[in-house]
Amino acid sequence: MKEKTYEEEYRMLSGISHYLLHYKSKQEDPVLLFIHGGPGQSESSLAYRVEEFAGRSYNIVYYDQRGAGKTWLKNKKAKPDTALLKEDLLQIVMYLKKTYGKEKIGIIGHSWGSVLGSMFALEHPEHTLFYAGCGQVINLMENEQTGFAKLKEAVEKGGSKKDLKKLEKIGEYPVEDFNLDVYRKMGKVRNLQAKYQLAASFDKSMVKFIRNSPVTEGKDLLAFLSGMMVNMQVMKELMSFDLRTYGDSYQVPVYYILGENDQQTPVEISMKYFDEIKAPEKKLYLIPNAGHLTMLDNTGAYREAVMEIAGRNAGRKNI
């Protein structure tokens, strides 16, 4: 029987039971917290694809946010909004500091998680060892405008009359007010973007990854598919998000791990903001042959980046 490489727990934090998934190394190693995307799409079921490898020099914890994954399954009446998710994140970081005996925790934010992670690093440097953004969101409307323009270009170049008709039916996109109709439009845009390799695809291979996870049960797929609907309020708030309004001065090291082909959160927008960042240390990792799901598209290069970031911060005081 294969030795178990992870630990699961449910912990009461901010008034609800949160699911946490721990991949542990040595006690003296840095502790990293991975914040998943969506909103509402847990990545705990994908963690094994990234974290099950020899020689990992960091402890890492994945958690399912309020309104996502196993946390949603335990607390279906706990409706998320951005303020609540920020408070949850703070409480989880405080819990991990106490549990692992650390003064600071490294933060990795993916996609929507990069919104929460960036705000946390800017607002709570006293708890943050470093911040690493993957599929980094700067301004959602700008992302969608850029991505949709590139989709039009790709469809027109491809010459598919069927896809051109699909674009025409979508109509005006994006729009600032998020509702059920806009949600449906976004789904149609994502499907076309995935076809032209401009966005992540929820296809058979993704379902297989999730089903093969050692922490996945049948109902977890339902939670994954329900996440966006549960997080409609968060999406409404996200439509007006602009990271630039929070400034560009960080008091902690900042790293971006970006898929070079990512057009769901267009890499050129993330890189432009990164150039403006002021931080004690910063480094950009541009991952080849990878898109928005950087950690799955090129797992080896993504692991190397995280390992290097953990190593760069292992010797810092107050870890």
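Between which two strands does the loop that holds Ser14 lie?

1. Ser14 sits in the loop between β1 (7–13) and β2 (16–23). Its phi is near 55°, a positive value in a residue other than glycine. The model is a predicted one, and this value, like those below, is computed from it.

2. Two cis peptide bonds deserve a look. One joins Gly38 and Pro39, with omega at about 0°; Pro39 belongs to the loop between β3 (31–35) and α1. Another joins Tyr173 and Pro174, with omega at about -5°. Pro174 is in the loop between α6 and α7, the two helices taken up in the next point.

3. Helix α6 (residues 161–170) packs with α7 at an angle of about 155°, and their axes are 10 Å apart. Angles over 145 degrees count as roughly antiparallel, and α6 and α7 are therefore roughly antiparallel to each other. The crossing of α6 past α7 is left-handed. On the α6 side the contact is made by Asp163, Lys166, Leu167 and Ile170, and on the α7 side by Lys185, Lys188, Val189, Leu192 and Lys195. By class, this contact has four nonpolar and five charged residues, with no polar ones.

4. Helix α3 (residues 82–100) and helix α4 (residues 112–123) form another packed pair, with axes that come within 11 Å and cross at roughly 65°. Their crossing is right-handed. From α3, the residues Thr82, Leu85, Lys86, Leu89, Leu90 and Val93 meet Trp112, Leu116, Met119, Phe120 and Glu123 of α4. The contact of α3 with α4 divides into eight nonpolar residues, one polar and two charged.

5. The largest pocket has a volume of about 890 Å³. Its lining is made up of 32 residues, and Gln41, Arg190, Phe202, Met228 and Gln264 lie nearest the centre. Two or more lining residues come from each of α5 (140–158), α7 (180–195), α9 (218–230) and α10 (232–238). Of the elements, α7 gives the most, with six residues. Sorted by class, the lining has 17 nonpolar, twelve polar and three charged residues.

6. At least two lining residues are supplied by each of α8 (204–211) and α12 (294–297), and α8 gives the most, with three. The class counts for this lining are nine nonpolar, eight polar and three charged.

7. How many cavities of 30 Å³ or more are there? The count comes to two. The largest cavity has a volume of about 100 Å³, and its lining consists of Tyr19, Ser42, Ser44, Ser45, Asp64, Gly69, Lys70, Ile210, Asp220, Ala223 and Phe224. The elements giving two or more of these residues are α2 (69–74) and α9. The largest share, three residues, comes from α9. By class the lining divides into four nonpolar, four polar and three charged residues.

8. The second largest cavity holds about 50 Å³ of space. Around it are Phe34, Glu43, Leu46, Ala47, Val50, Tyr62, Met295 and Leu296. Both α1 (47–51) and α12 supply at least two residues of the lining. This lining has seven nonpolar residues, one charged and no polar ones.

9. Helix α12 supplies residues to the lining of the second largest pocket and to that of the second largest cavity.

Conventions:
Residues are numbered from 1 along each chain as its sequence is written. This is a predicted model: local features need pLDDT of at least 70, side-chain atom pairs count only at pLDDT 80 or more; totals for chains, interfaces and linings use all residues. Side-chain values use heavy atoms; hydrogens and water are left out. On a 1 Å grid over the protein atoms alone, a cavity is a set of points where a 1.4 Å probe fits but cannot get out, and a pocket is an open set with protein on both sides within 12 Å along at least five of seven lines; lining residues have an atom within 4 Å of a point. Grid points are joined across faces, edges and corners, and a volume is the space filled by probe spheres set on the points. Helices (H or I, at least four residues) and strands (E, at least two) are DSSP runs, numbered from the N terminus. Ala, Val, Leu, Ile, Met, Phe, Trp, Tyr, Cys and Pro count as nonpolar, Asp, Glu, Lys and Arg as charged, and the others, Gly among them, as polar. Axes are lines fitted to C-alpha atoms, for helices over the stretch in contact, and angles run from 0 to 180 degrees between N-to-C directions. Angles under 35 degrees count as roughly parallel, over 145 as roughly antiparallel, 65 to 115 as roughly perpendicular and the rest as oblique. A crossing is left-handed if the near helix is turned anticlockwise from the far one by less than a right angle, and right-handed if clockwise. Contact means heavy atoms within 4.5 Å.
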